Amino acid sequence: MEQALKLATKSAANGEVPVGSVLVADGVIIAQSGNAPISLVDPTAHAEINTIREGASFSGNYRLVGTTLYSTLEPCVMCAGAIMHARIGRLVFGAYDKKSGACGSIVNLFENHQLNHHTSVVGGLMEDECAAVLKSFFQKRR
């Protein structure tokens with residue numbers, strides 16, 4: 001999560017909402033990214049999506065079975081869907097997102113038994129640190 005926080009801080013410096021994520025396989029980071037929808041002019045360029053794309057490219061497989069994705073912010077519906085489709089085994093996130101979180105704050109896609117893949121989810125790791133980066137970013141913008 002510390003590496004994800006560094007990526008979030010870097011995203012903030014680039015004018016992006018400070019979210020960072022890393023993908024780990026067998027204890028090694030295989031992909032990482034910060035938020036980049038503004039700089040890439042791509043509404044899907046959330047940190048998690050960028051990391052999943054990089055991880056799939058690295059592994060040569062669109063399925064990322066057995067991996068863990070760390071994100072500084074609770075994923076949105078789009079990112080949660082991508083996590084499911086990639087078959088990521090575990091998601092660990094920092095701050096809860098009371099406005100668009102799809103892992104328990106607004107909805108919990110991972111607890112919907114009608115869906116065919118169920119990633120295990122742990123929320124609140126380094127929650128205060130992750131939330132502080134976001135809070136600072138938005139305070140400066142107001």
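Phe-138 is partly exposed, with a relative accessibility of 32%, where buried denotes under 20% relative accessible area, exposed over 50% and partly exposed the range in between (1.4 Å probe, protein chains only). The model is predicted, so that local features require pLDDT of at least 70 and side-chain atom pairs pLDDT 80 or more, while totals for chains, interfaces and linings use all residues. Residues are numbered from 1 along each chain as its sequence is written, and side-chain values use heavy atoms, without hydrogens and water.

Two aromatic pairs were counted, a pair being rings of Phe, Tyr and Trp (its six-membered ring) with centres within 6.5 Å, stacked if the planes are under 30 degrees apart, edge-to-face if over 60 and tilted otherwise. Phe-93 and Tyr-96 form an edge-to-face pair, at 4.9 Å centre to centre and 80° between the planes. Phe-93 is buried at 0% relative accessibility, whereas Tyr-96 is partly exposed at 34%. Phe-137 and Phe-138 form an edge-to-face pair at 5.1 Å, with 80° between the planes; Phe-137 is buried, at 9% relative accessible area.

Helix 3 spans residues 77-85, helices (H or I, at least four residues) and strands (E, at least two) being DSSP runs numbered from the N terminus. The buried residues of helix 3 are Cys-79, Ala-80, Gly-81, Ala-82, Ile-83 and Met-84. These buried residues pack against helix 2 (47-59), strand 3 (68-73) and strand 4 (90-95), contact meaning heavy atoms within 4.5 Å. Arg-87, which follows helix 3, has a positive phi, near 65°.
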